[in-house]
Amino acid sequence: MVAAVVAEAAGEKKARNILTLDMRDISPITDYFVICSASNTVQVRSIADHIEETLASRGLNKRHIEGAGASRWILLDYGDVVVHVFHDFEREFYNLERLWGDAQVVDL
């Protein structure tokens with residue numbers, strides 16, 4: 001499962017509060033969200049880069065990326081999985097976990 005690979009890659013770069021949400025029953029956009037955070041922009045970028053490299057090494061390339069310039073909230077779109085790498089402040093502010101509260105948390 002791609003979401004599990006993403007979560008593991010994020011953990012390898014010390015991402016915090018890694019959460020995977022099953023979006024299949026509530027959104028046609030994607031199957032899973034993987035959400036994680038870091039305390040500074042350098043680590044946010046490092047986590048996102050590592051996820052990209054890990055998936056690319058498995059032949060999976062992102063469809064789209066947003067937020068890479070500021071590195072406060074980087075979104076990586078892999079189709080079936082959308083990855084959100086947040087700076088702590090942005091994660092708390094946008095609170096996707098609450099926004100998508102009907103999604104089931106996936107235990108990886």
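Does E90 count as buried or exposed, and at what relative accessibility? At 13% relative accessibility, E90 counts as buried, where buried means under 20% relative accessible area, exposed over 50% and partly exposed in between, with a 1.4 Å probe and protein chains only.

This is a predicted model, in which local features need pLDDT of at least 70 and side-chain atom pairs count only at pLDDT 80 or more, while totals for chains, interfaces and linings use all residues. Residues are numbered from 1 along each chain as its sequence is written, and side-chain values use heavy atoms, with hydrogens and water left out.

View 1. A salt bridge is a side-chain nitrogen of Lys or Arg within 4 Å of a carboxyl oxygen of Asp or Glu. Helices (H or I, at least four residues) and strands (E, at least two) are DSSP runs, numbered from the N terminus. D88 forms a salt bridge with R16, with 2.0 Å between the closest N and O atoms. D88 is partly exposed at a relative accessible area of 25%, and R16 is partly exposed at 35%. E90 forms a salt bridge with R72, the closest N and O atoms being 3.0 Å apart. R72 counts as partly exposed, at 30% relative accessibility.

**View 2. Further salt bridges.** The structure holds 7 salt bridges. In one of them E97 pairs with R91, and the closest N and O atoms are 2.5 Å apart. E97 is partly exposed, with a relative accessible area of 25%, whereas R91 counts as buried at 9%. R45, D49, E52 and K62 are linked in a network of salt bridges.

**View 3. Strand β2 and its pairing with β1 and β5.** Strand β2 (residues 32-38) is largely enclosed by the rest of the structure, because 7 of its 7 residues are buried. Y32, V34, C36 and A38 point one way from β2, and F33, I35 and S37 point the other way. In a regular strand the side chains alternate between the two faces of the sheet. Two strands pair if DSSP finds at least two bridges between them. β1 and β2 are antiparallel and pair over 5 bridges, with L21 opposite F33 in β2. Strand β5 (residues 81-87) runs parallel to β2 and is joined to it by 7 bridges; V81 in β5 is the bridge partner of Y32.

View 4. H50 is buried, with a relative accessible area of 16%. A polar contact of 2.6 Å joins its side chain to that of E12 (a pair of N or O atoms within 3.5 Å; within protein, one must be able to donate a hydrogen and the other to accept it, and residues adjacent in sequence count only if both atoms are side-chain atoms). Leaving aside neighbours within four places in sequence, H50 is in contact (heavy atoms within 4.5 Å) with A9, E12 and K13.

**View 5. The hairpins of β3 with β4 and of β4 with β5.** β3 and β4 run antiparallel and are joined by 3 bridges, and D77 in β4 is the bridge partner of H64. Their hairpin has 6 residues between the strands, and G67 in this hairpin takes a positive phi near 85°. β4 and β5 also run antiparallel, joined by 5 bridges, and V83 in β5 is the bridge partner of L76. This hairpin has 3 residues between the strands, and here G79 takes a positive phi near 85°.
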